Amino acid sequence: MNTLLVAKHLQYLRKSHQYTQDDLAEKCYLSRQAVSKWETGEAVPDLDVLLKLSKLYEMTINDILEPKMSSEKINDFEQLSTLSDNRLTEVLDQFDCETIAAACMGASPDIHALLGRLLPHLNLDEEIKRIGRVRVETVLDAQTQIIAMINLLAADREL
């Protein structure tokens, strides 16, 4: 579970339902600070709160914790090149080097080169060598997380 992705998703859900942090805190019988901590990734709601949120937003707990945003922006990792460099860098800066490197393992040479150019400080080739072989599921999960963050941030900007 990517806590930053969950944090952004919780913030998106709150905003899309037109709740303030105070409104949501009141509905969940918590403090505004608790909601703020979820949305900054400092904490994740406990199970009781997740149950309340799932009822409030009419979605499953899995859908809250593993967001699958509709493909408003992109739906394939190879479409990263359609984004502006600034937008892509903004998204990628939210992930650790290992996640980006794992995602690159399943990418075309063009996407790999794009990410290497945008993130020269990460030295993706060295990180890929350090990681070694990984399962296909790990690569797909890393790519899915990045795609979800792109789409989540795009949807959030439209609110």
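**Close-up 1. A salt bridge joins the side chains of Arg14 and Glu39, with 2.5 Å between N and O.** In this predicted model, Arg14 belongs to helix H1 and Glu39 to helix H3, so the pair ties together parts that are 25 residues apart in sequence. Arg14 counts as buried, since its relative accessibility is 9%, and Glu39 counts as buried as well, at 6% relative accessibility.

**Close-up 2. Helix H1 (residues 3-16) packs against helix H3 (residues 32-40).** The axes of the two helices are 6 Å apart and meet at an angle of about 125°, and H1 and H3 are therefore oblique to each other. On the H1 side the contact is made by Ala7, Leu10, Gln11 and Arg14, while H3 contributes Val35, Trp38, Glu39 and Thr40. Sorted by class, the residues in this contact of H1 with H3 are 4 nonpolar, 2 polar and 2 charged.

**Close-up 3. Glu98, Glu127 and Arg130 are linked in a network of salt bridges.** In one of these pairs, Glu98 forms a salt bridge with Arg130, where the closest N and O atoms are 3.0 Å apart. Glu98 lies in helix H7 (residues 97-104) and Arg130 in helix H9 (residues 124-131), so this pair ties together parts that are 32 residues apart in sequence. The side chains of Glu127 and Arg130 also meet in a salt bridge, with a distance of 2.6 Å from N to O, and because these two residues are 3 residues apart in helix H9, they are separated by about one helical turn. As for accessibility, Glu98 is partly exposed, with a relative accessible area of 43%, Arg130 is exposed at 53%, and Glu127 is buried at 13%.

**Close-up 4. Cysteines are shown in a model whose count of disulfides comes to 0.** Cys97 is in no disulfide, and the nearest cysteine sulfur, which belongs to Cys104, is 9.0 Å away; a disulfide would need the two sulfur atoms to be within 2.5 Å. Cys97 is buried, with a relative accessible area of 16%, and Cys28 is buried too, with a relative accessible area of 1%.

**Close-up 5. Thr60 sits in the loop between helix H4 (47-57) and helix H5 (61-65).** With a relative accessibility of 43%, Thr60 counts as partly exposed. The C-alpha atom of Thr60 is separated by 8.9 Å from that of Leu50, a residue 10 residues apart from Thr60 along the chain.

Notes: Residues are numbered from 1 along each chain as its sequence is written. This is a predicted model: local features need pLDDT of at least 70, side-chain atom pairs count only at pLDDT 80 or more; totals for chains, interfaces and linings use all residues. Side-chain values use heavy atoms; hydrogens and water are left out. Helices (H or I, at least four residues) and strands (E, at least two) are DSSP runs, numbered from the N terminus. Buried means under 20% relative accessible area, exposed over 50%, partly exposed in between (1.4 Å probe, protein chains only). Axes are lines fitted to C-alpha atoms, for helices over the stretch in contact, and angles run from 0 to 180 degrees between N-to-C directions. Angles under 35 degrees count as roughly parallel, over 145 as roughly antiparallel, 65 to 115 as roughly perpendicular and the rest as oblique. Contact means heavy atoms within 4.5 Å. Ala, Val, Leu, Ile, Met, Phe, Trp, Tyr, Cys and Pro count as nonpolar, Asp, Glu, Lys and Arg as charged, and the others, Gly among them, as polar. A salt bridge is a side-chain nitrogen of Lys or Arg within 4 Å of a carboxyl oxygen of Asp or Glu.
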